[in-house]
Amino acid sequence: MKDGYTLVQILLHWLIAVLVPMQYLTGGSIERTHHAVHMGLAPDRWDILQHSVHIYTGLAIGALMAIRLLVRLISGANHLRGNVGLRTAARVLHHGFYAAIIGQATLGFVASYLWYGVAPYHVIGSWIILAMLFLHVSAAA
Ligand code: HEM
Ligand code: HEM
């Protein structure tokens, strides 16, 4: 990610790209922590730490992505290359990322603090983002 983007956009892109994998490494700890509590057992300390990392890193990702969206609206978008079909596909995927990442952080927040019933949608969201990342990294390569 270089041509046509401001330095702030590039820094935010790579900061988020480093933080998102943390969510996949730490996400499973939440289910394990809750399961232990429901069974009347003490949750693993390492799981409790990962649980906290997931919540705070996830909130940071959501906030950083919202800032990116504002910066993009102010600075404008990159001039995508390739034929019309490819440019449209890239544009759809890029817009989709803003919606998916901000939506995912919002769902996580709702599941944690307001209504746990949305948790399955957060899990589905994590698969969708994984599929989008696969397409995105393949396109970048
Ligand atoms: C969680 C991880 C990632 C997210 C959420 C993400 C999201 C995005 C978004 C939304 C854009 C478009 C920026 C805009 O027009 O406003 C973009 C551009 C780009 N990303 Fe990522 N990205 C991620 C990881 C990666 C990785 C791992 C790579 C490289 C292997 C990569 C390579 C690129 C490149 C080359 C562009 C510029 C594409 C162009 O405009 O022609 N990204 N990314
Ligand atoms: C974009 C950011 C995020 C990503 C990519 C993400 C990803 C994930 C993943 C992969 C899991 C494990 C799913 C599984 O069990 O298979 C998970 C679980 C969970 N995450 Fe996130 N997460 C994000 C942000 C957040 C935030 C901000 C919060 C709370 C403030 C949160 C709360 C939760 C909760 C409560 C679960 C447990 C759901 C369950 O097991 O049913 N997440 N997340």
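Which residues in H3 meet Tyr98, Ile101, Ile102, Ala105, Thr106, Gly108, Phe109 and Ser112 in H4? In the predicted model described here, the H3 side of this contact consists of Ile55, Gly58, Leu59, Ile61, Gly62, Met65, Ala66 and Leu69, where two residues are taken to be in contact if their C-beta atoms, placed from the backbone, lie within 7 Å. The residues of this contact of H3 with H4 divide into eleven nonpolar, five polar and no charged; in this division Ala, Val, Leu, Ile, Met, Phe, Trp, Tyr, Cys and Pro count as nonpolar, Asp, Glu, Lys and Arg as charged, and the others, Gly among them, as polar.

Because the model is predicted, local features need pLDDT of at least 70 and side-chain atom pairs count only at pLDDT 80 or more, whereas totals for chains, interfaces and linings use all residues. Residues are numbered from 1 along each chain as its sequence is written, and chains are lettered from A and ligands numbered from 1 in the order in which they are written.

The secondary structure of the chain comes to five helices and zero strands, with the elements running α-α-α-α-α from the N terminus on; helices (H or I, at least four residues) and strands (E, at least two) are DSSP runs, numbered from the N terminus. Along its principal axes, the C-alpha trace spans about 60 × 25 × 25 Å. Of the 141 residues of the chain, 11% count as buried, a residue being buried if 20 or more other C-beta atoms lie within 10 Å of its own, exposed if 12 or fewer, and partly exposed in between, with C-beta atoms placed from the backbone. Among the contacts in the chain with a separation of 6 or more, 66% are accounted for by residues 24 or more positions apart.

Two packed helices are described by the angle between their axes and the distance between the axes. The axes are lines fitted to C-alpha atoms, for helices over the stretch in contact, and the angles run from 0 to 180 degrees between N-to-C directions. For H3 and H4, the packing angle is about 145° and the axes are 9 Å apart, and the crossing of H3 and H4 is left-handed, a term that applies if the near helix is turned anticlockwise from the far one by less than a right angle, with right-handed used if clockwise.

The axes of H1 and H3 come within 9 Å and cross at roughly 155°, and H1 and H3 are therefore roughly antiparallel to each other; angles under 35 degrees count as roughly parallel, over 145 as roughly antiparallel, 65 to 115 as roughly perpendicular and the rest as oblique. H1 passes H3 in a left-handed crossing, and the residues of the contact of H1 with H3 comprise 14 nonpolar, eight polar and two charged. Histidine 13 lies in helix H1, which covers residues 7-26, and histidine 13 counts as partly exposed because it has 16 C-beta neighbours inside 10 Å. Although 51 residues separate histidine 13 from leucine 64 in sequence, their C-alpha atoms are 9.0 Å apart in space.

H2 and H3 pack at an angle of about 130°, with their axes 8 Å apart, and are therefore oblique to each other; the crossing of H2 and H3 is left-handed. This contact is made by Ser29, Ile30, Arg32 and Thr33 of H2 together with Asp47, Ile48, Gln50, His51 and His54 of H3. By class, the residues of the contact of H2 with H3 are two nonpolar, five polar and two charged.

Ligand 2 is surrounded by 25 residues, of which the closest are Gln23, Gly27, Gly58, Gly108 and Ser126; a residue is near a molecule or strand if its C-beta atom, placed from the backbone, lies within 6 Å of it. Two or more residues of this shell come from each of H1, helix H2 (28-38), helix H3 (45-75), helix H4 (84-113) and helix H5 (119-140), and H4 gives the most, with seven residues. The shell around ligand 2 has 13 nonpolar, eleven polar and one charged residues.

Leucine 73, placed in helix H3, counts as exposed because it has 9 C-beta neighbours inside 10 Å. Arginine 81 is found in the loop between H3 and H4 and is exposed, with 10 other C-beta atoms within 10 Å.
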